[in-house]
Amino acid sequence: MGEDRFEVGAQWPRRHGFFGPRTPGSHDPMLYLETFRQAIMLVAHRAYGVSLGTVFVGGRKTSAITPEGLVTAGRPIDVVLRVSVQDVIRRGNNVGGMRFEFGCFRDGELIGTASETIRCVSPAVYRRLRGDHFAATPFQAIALPTVEPVLVGREREEDVLVAETATPGTWSLQFDPDHPVLFDHSVDHVPGMVLLEGARQAALLTLGDPYALPLRTDFDFSVYVEFDSECLLVAEEIGVDADGSRLVRVVAEQKGRPVASGTLAMRRS
């Protein structure tokens with residue numbers, strides 16, 4: 001559409017095997033996050049020549065979407081993402097990183113915004129960066145019994161990502177290594193979308209409302225979350241926003257230090 005500006009079309013299905021809808025009248029905001037995650041990869045590869053072997057390392061990720069934009073219609077929904085790419089870092093012929101700003105449009109109306117900053121790392125550099133963790137797999141993780149699916153608005157046990165701990169307000173991140181959506185390709189660390197879904201479920205338990213929707217998220221990923229030790233999600237309700245959304249702060253901790261943190265603005269559709 002112009003220098004560093006693009007449009008990407010996407011379609012939200014009537015139903016999705018993992019990304020909702022949690023309630024009949026509303027799509028899952030996490031489906032929106034997954035949409036712009038895929039758009040980032042598409043634009044980087046197709047428009048900036050980032051090679052398919054490159055590893056994307058995420059940093060801060062924000063999103064906001066309106067309840068009206070999520071309304072289901074008994075049919076697949078077409079949306080358009082208007083993408084602005086900024087702060088492109090170039091190293092010779094290679095791209096080292098960039099920042100993405102999104103506007104999400106449905107029937108010509110702006111329904112959401114999002115942003116994310118990424119770094120682009122070559123396979124050789126990534127291998128050195130990961131060291132002994134390069135060959136890690138999710139099957140190394142210790143499995144604990146998760147909470148009842150109904151408590152986090154789910155129907156299937158394999159879709160529940162949190163287990164109770166002895167500390168109030170703290171949950172253990174859990175996942176099924178064979179999950180077809182969360183682990184649709186080989187990874188050597190916990191994916192960001194797994195952390196975000198775990199944070200959402202911790203927020204639902206904190207609020208005692210299994211059907212609240214994360215209409216806004218603001219998360220920072222600072223350290224890789226490894227499979228070989230427990231990751232704890234510490235959640236706390238911190239207030240109410242101007243639109244009535246309940247704000248929940250979630251900090252992911254591993255080996256006694258924060259590895260990711262953020263805020264979710266939760267509201268019933």
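**Close-up views of a predicted model**

**View 1. Asp107 sits out in the open.** Asp107 is exposed, with a relative accessible area of 69% (exposed means over 50%, buried under 20% and partly exposed in between, using a 1.4 Å probe and protein chains only). Look for Asp107 in the loop between strands β4 (94-106) and β5 (109-121). Helices (H or I, at least four residues) and strands (E, at least two) are DSSP runs, numbered from the N terminus. Asp107 is not a glycine, yet its phi is positive, at about 55°.

This is a predicted model, in which local features need pLDDT of at least 70, side-chain atom pairs count only at pLDDT 80 or more, and totals for chains, interfaces and linings use all residues. Residues are numbered from 1 along each chain as its sequence is written, and side-chain values use heavy atoms, leaving out hydrogens and water.

View 2. Lys255 lies between β10 and β11 (257-267). Is Lys255 buried or exposed? Lys255 is exposed, and its relative accessible area is 68%. The phi of Lys255 is near 55°, a positive value in a residue other than glycine.

**View 3. Helix α1 from end to end.** What do we find at the N-terminal end of α1? Asp28 caps that end, with a side-chain oxygen 3.0 Å from the backbone nitrogen of Met30. Now follow the helix along its length: α1 covers residues 29-48, and its 20 residues should span 28 Å at 1.5 Å a residue (the expected span is 1.5 Å times one less than the number of residues). After α1 comes Gly49, where phi is positive, near 70°.

**View 4. Thr54 and its partner Ser51.** Thr54 counts as buried because its relative accessible area is 16%. Which residue does the side chain of Thr54 touch? The side chain of Ser51 joins that of Thr54 in a polar contact of 2.9 Å (a pair of N or O atoms within 3.5 Å; within protein, one must be able to donate a hydrogen and the other to accept it, and residues adjacent in sequence count only if both atoms are side-chain atoms).

**View 5. Asp176 meets Glu158.** Asp176 belongs to the loop between β7 and α3. With a relative accessible area of 27%, Asp176 is partly exposed. How far apart are Asp176 and Glu158 in space? From C-alpha to C-alpha, Asp176 and Glu158 are 6.0 Å apart, although 18 residues separate the two in sequence.

**View 6. How confident is the prediction?** The mean pLDDT of the protein chain is 93 (pLDDT is the predictor's confidence in each residue, from 0 to 100). In this chain, 99% of the residues reach 70 or more. Where is confidence lowest, and where is it highest? Helix α2 (residues 123-130) is the lowest, at a mean of 90, while strand β7 (residues 170-173) is the highest, at 98.
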